[in-house]
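Visitor: I would like to go through this structure and ask what lies behind the labels. Please set each value against its cut-off.

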Amino acid sequence: MTMRPCWVEIATQSLEDNYRFLLSIAAGDAEVLATVKADAYGHSLSLCAPAAVRAGARWLGVTSVEEAVEARALCPQARILIMSGCFPGEGAAALQRRLTAVAWEPWQLDELEAAARSVGAQPGSVPIHLEIDTGMSRQGVSPDGLPAALARFTAENPLRIEGVLTHLYAADETDGRATQEQLACLDEALIRIAAAGLQPEWLSAGASATLLNGEAAALANFARRWAMKAMLRPGLSLYGVAPKFEPNEPSAVAAARQRLKPVLTWKTRVVGVRAVPAGAVVGYNGAFVATEPMRLALLPVGYADGLDRRLGNRFSLLVRGQRAPLVGRISMDLAVLDVTEIDGVRAGDEVVILGSQGAETISASDHADAAGTIPWEVFTRIGARVRRVAV
Ligand SMILES: *Cc1c(COP(=O)(O)O)cnc(C)c1O
């Protein structure tokens with residue numbers, strides 16, 4: 001079936017190259033989990049998870065059991081980490097498909113333990129990753145709550161703490177102070193874990209910002225002091241985008257940014273071009289009024305496809321290798337480009353919403369800046385009805 005021409009092209013080879021690059025800047029024995037949650041940041045799990053595995057990823061990170069079940073069907077051999085934990089009733093499915101849950105709430109551990117016991121799992125045969133709250137106040141056991149949480153991991157418990165995980169909340173702040181405090185807090189937690197006689201294998205911390213900033217080696221050293229191995233969990237960089245650092249970009253990040261290849265290009269095609277006289281109003285509420293005789297191109301893309309409504313009258317897209325301003329409000333399913341200054345635009349012309357055309361590029365960060373958000377949100381808001389095709 002043919003479809004409305006509003007689609008995303010995914011360069012799976014670029015994703016593979018990005019994964020290998022990230023692996024190359026990780027310290028020797030550090031593991032690099034490929035974060036593919038939220039449909040691979042809107043890039044399509046079914047295209048990206050197998051590509052990451054082809055590039056050598058042994059671990060995939062998703063948010064939920066639903067996403068993990070999909071990832072398992074695509075990648076039978078990969079380890080799959082459920083980064084936002086299981087919900088009631090999901091333990092059995094997680095076990096059956098060999099998924100590895102991050103857990104911190106007592107009820108999550110109860111759920112997994114009950115599921116493991118109900119299938120007669122051997123002691124220590126079901127790995128979980130215990131999350132520690134080292135300062136983000138979101139997920140994780142607080143270091144003070146740890147002794148109670150650890151008490152359940154007796155020798156006969158089918159659950160085993162395979163990994164200790166934490167999330168760094170300000171790895172994109174150049175001074176690194178928050179991260180130092182978080183690692184000090186993690187150290188305290190590891191003292192308690194060791195005191196409980198437990199020896200987890202993985203120390204999982206750090207996402208794109210930590211890895212691109214060349215800090216994988218420090219994390220690997222930190223892990224080694226506890227006879228653990230470091231695992232980093234990059235997401236955004238896997239898709240070719242580097243996080244923005246504040247207040248300034250470290251040189252390691254600037255260098256890494258040059259090496260990353262954007263994976264996603266979002267395209268559409270001109271439906272038709274019309275000439276309007278000076279004074280014509282364009283779109284809802286006449287938010288744009290033609291200042292002169294103009295030529296306007298209609299596009300089949302709107303905010304229901306993820307084109308942020310705030311970009312109306314304040315952003316440009318690419319057609320015939322040139323930037324053309326969006327005029328008037330973005331509608332749910334449609335948008336209008338001013339092509340007065342661009343010769344020859346006609347129905348069927350390809351328009352790049354995000355990506356490169358000729359010498360011009362519009363990045364996810366450009367979209368984010370114009371809409372007052374971050375590239376993560378730009379990617380994940382591209383609508384489900386926009387089909388993803390591998391190129
Ligand atoms: C999303 C996520 C990541 C990936 O973060 P990026 O900044 O996209 O690299 C890593 N760890 C956890 C726990 C996450 O939720």
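**Labels and their cut-offs**

Visitor: Why is Glu 66 called exposed?

Guide: Glu 66 has a relative accessible area of 54%. Exposed means over 50%, buried under 20% and partly exposed in between, with a 1.4 Å probe and protein chains only, so Glu 66 counts as exposed. Note that this is a predicted model, in which local features need pLDDT of at least 70, side-chain atom pairs count only at pLDDT 80 or more, and totals for chains, interfaces and linings use all residues. Residues are numbered from 1 along each chain as its sequence is written, and side-chain values use heavy atoms, with hydrogens and water left out.

Visitor: Which residues does Glu 90 contact beyond its neighbours within four places in sequence?

Guide: Those residues are Val 65, Glu 66 and Glu 111. Contact means heavy atoms within 4.5 Å. Glu 90 sits in the loop between strand E5 (79–82) and helix H5 (91–96).

Visitor: What makes Glu 90 buried?

Guide: The relative accessible area of Glu 90 is 16%, and on that value Glu 90 is therefore buried. Leu 307 is 217 residues away from Glu 90 in sequence and 35 Å away in space, C-alpha to C-alpha.

Visitor: Why are H3 and H4 called oblique to each other?

Guide: The axes of helix H3 (residues 45–54) and helix H4 (residues 65–74) cross at roughly 55° and come within 10 Å. Axes are lines fitted to C-alpha atoms, for helices over the stretch in contact, and angles run from 0 to 180 degrees between N-to-C directions. Angles under 35 degrees count as roughly parallel, over 145 as roughly antiparallel, 65 to 115 as roughly perpendicular and the rest as oblique. H3 and H4 are therefore oblique.

Visitor: What is the hand of the crossing of H3 and H4, and which residues make the contact?

Guide: The crossing is right-handed; the term applies if the near helix is turned clockwise from the far one by less than a right angle, and left-handed if anticlockwise. H3 contributes Leu 45, Ser 46 and Pro 50, and H4 contributes Glu 67, Glu 70, Ala 71 and Leu 74. By class, there are four nonpolar, one polar and two charged residues in this contact. Ala, Val, Leu, Ile, Met, Phe, Trp, Tyr, Cys and Pro count as nonpolar, Asp, Glu, Lys and Arg as charged, and the others, Gly among them, as polar.

Visitor: What makes H8 roughly parallel to H10?

Guide: Helix H8 (residues 177–195) and helix H10 (residues 216–225) have axes that cross at roughly 20° and come within 11 Å. That angle is why H8 is called roughly parallel to H10. The crossing of these helices is right-handed. Leu 183, Leu 186, Asp 187 and Leu 190 of H8 meet Leu 219, Phe 222 and Arg 225 of H10. The contact has five nonpolar, no polar and two charged residues.

Visitor: How many disulfides does a search of the whole structure find, and why is there no bond at Cys 48?

Guide: The search finds zero disulfides. A disulfide is a pair of cysteine sulfur atoms within 2.5 Å. The closest cysteine sulfur to that of Cys 48 is in Cys 75, at 11 Å, which is too far for a bond. Cys 48 has 1% relative accessibility, so Cys 48 counts as buried.

Visitor: What is the phi of Ala 40, and is Ala 40 buried or exposed?

Guide: Ala 40 has a phi near 55°, a positive value in a residue other than glycine. Most residues other than glycine have a negative phi. Ala 40 is placed in helix H2 (residues 37–41) and counts as buried because its relative accessibility is 0%.

Visitor: Is Ser 137 buried or exposed?

Guide: Ser 137 is exposed, because its relative accessible area is 63%. Ser 137 also has a positive phi, about 55°, and is found in the loop between strand E7 (126–131) and helix H7 (146–150).

How values were computed: Helix = DSSP H or I, 4+ residues; strand = E, 2+ residues; numbered from the N terminus.
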